[in-house]
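Welcome! Let's take a guided look at a few helices and some individual residues in the structure below.

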Amino acid sequence: MNDRAVGLFDNYEIEVNRTWKGRGAILCEADKGLFILKEYHGPTNKILFQDMLLKHIKEEGFSLTESILRTKEDELIVYDQDRVPYIVKSYFEGRECNNRDLEECKQAVKTLARLHSCSDLSEWEYLEDQPVFHIGKEYEKHNKELKKVRRFLREKSQKTAFEIYLMEHFDYFFDMALQVTEEMRYYMKDDEMANKTEFPIVCHGDYQYHNIIQTADGTALVNFEKCVRDNPVRDLYLFMRKLLEKNNWSQGLGDVLLHSYDEIRTLTERDYMQLYYRFAYPEKFWKIVNFYYNSGKAWIPGRNMEKLEKLLSQEREKLDFLEAVFQK
């Protein structure tokens, strides 16, 4: 980030004491607390929605979440001399959630359940202006991308060792992707949660350990830029999938995390069904394929092969997890 961006703090009603560089941002200690200056990459209407969501969450009693600071002109976005947009948000002193600590992970999903309990925006008349994310449509898009890459690989005459290995296992995961998408469409077709008027609860959108901050006052949440109208299990799925991949799809861990969330906010039968299909879809395989296809193919990182090998080695554990946890 350009050091000249520090001057953007002059647009705010704060007295800066010191600044220092963070991860792609500038941190600031001021008379009114800690703040962080970051580039903003989204549309204007999204930052307005994010601001209203954060205020609503605080009003509902969830105090440990970031706030977007308005400028002296009451704007949420400020621009540098090159018209690069920035936002300033409140910042928490603490550390990221330790995803190797079971107690912290349990606390993280309980915090998530409390967040969802505070983010019901069904009374907002302008909620309808916000697009709804539909997982089925997303999977259909992924499936088209997988089909295109499979065709590309089949037509390629000279293949690397990674591409040969990928082709050996492509049909298994591609067929699974099609099956999960079709089953989800069938079983969820009458679900009221599949209608366009659904999802008054807004998801964080990027619920990962680095956006969960352990502070002296409790667990704080940051980086709501990806907030979206979707089934709230979206956040739970993302957090759990990362942990389960690191723990060889431990059934015990899955049960503990689901129970911890359910203690605060009850998971319905439909929630479990949504979770099942999200876990069942081979998203990790799609990510590996997508990264490969959209990167330069003259040299394919060895990391790609490692990820694919790990995915294959965990496939049996994942299937056992799905059967044990969701088909009781």
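## Helix α6

Which helices do the buried residues of α6 pack against? They pack against α2 (102-118), α5, α7 and α10. Before going further, please note that this is a predicted model, in which local features need pLDDT of at least 70, side-chain atom pairs count only at pLDDT 80 or more, and totals for chains, interfaces and linings use all residues. Residues are numbered from 1 along each chain as its sequence is written, and side-chain values use heavy atoms, with hydrogens and water left out.

Helices (H or I, at least four residues) and strands (E, at least two) are DSSP runs, numbered from the N terminus. With 14 residues, α6 reaches 21 Å from its first C-alpha to its last, close to the 20 Å expected at 1.5 Å a residue; the expected span is 1.5 Å times one less than the number of residues. Its buried residues are Leu253, Gly254, Leu257, Leu258, Ser260 and Tyr261. They sit on the same side of α6, because they cover an arc of only 155 degrees around the axis. That arc is taken from the directions from the helix axis to the C-beta atoms. Buried here means under 20% relative accessible area, exposed over 50%, and partly exposed in between (1.4 Å probe, protein chains only).

Helix α10 (residues 315-326) has 12 residues, which at 1.5 Å a residue should span 16 Å; the end C-alpha atoms are 16 Å apart, in agreement. Glu315, Lys318, Phe321, Leu322, Val325 and Phe326 are buried in α10. These buried residues fall within an arc of 115 degrees seen down the axis of α10, so they line one face of the helix. They pack against α4 (161-187), α5 (233-246), α6 (251-264), α7 (269-280) and α9 (302-313).

Two packed helices are described by the angle between their axes and the distance between the axes. For α6 and α10, the axes come within 10 Å and cross at roughly 40 degrees. That makes α6 oblique to α10, given that angles under 35 degrees count as roughly parallel, over 145 as roughly antiparallel, 65 to 115 as roughly perpendicular and the rest as oblique. Axes are lines fitted to C-alpha atoms, for helices over the stretch in contact, and angles run from 0 to 180 degrees between N-to-C directions. The crossing is right-handed, meaning that the near helix is turned clockwise from the far one by less than a right angle. In contact (heavy atoms within 4.5 Å) are Gln251, Gly254, Asp255 and Leu258 of α6 with Asp320, Phe321, Ala324, Val325 and Phe326 of α10.

## Helices α3 and α4

Another pair to find is α3 (residues 135-155) and α4, whose axes are 10 Å apart and pack at an angle of about 155 degrees. This makes α3 roughly antiparallel to α4. Among the residues that make the contact are Tyr139 and Leu146 of α3, and Phe170 and Phe174 of α4.

What is the relative accessibility of Arg241? At 4%, Arg241 counts as buried, and its place is in helix α5. Leaving aside neighbours within four places in sequence, Arg241 is in contact with Trp249, Phe279, Glu283, Lys284 and Lys287.

Trp249 lies in the loop between α5 and α6. At 6% relative accessibility, Trp249 also counts as buried. Its phi is positive, about 55 degrees, although Trp249 is not a glycine.
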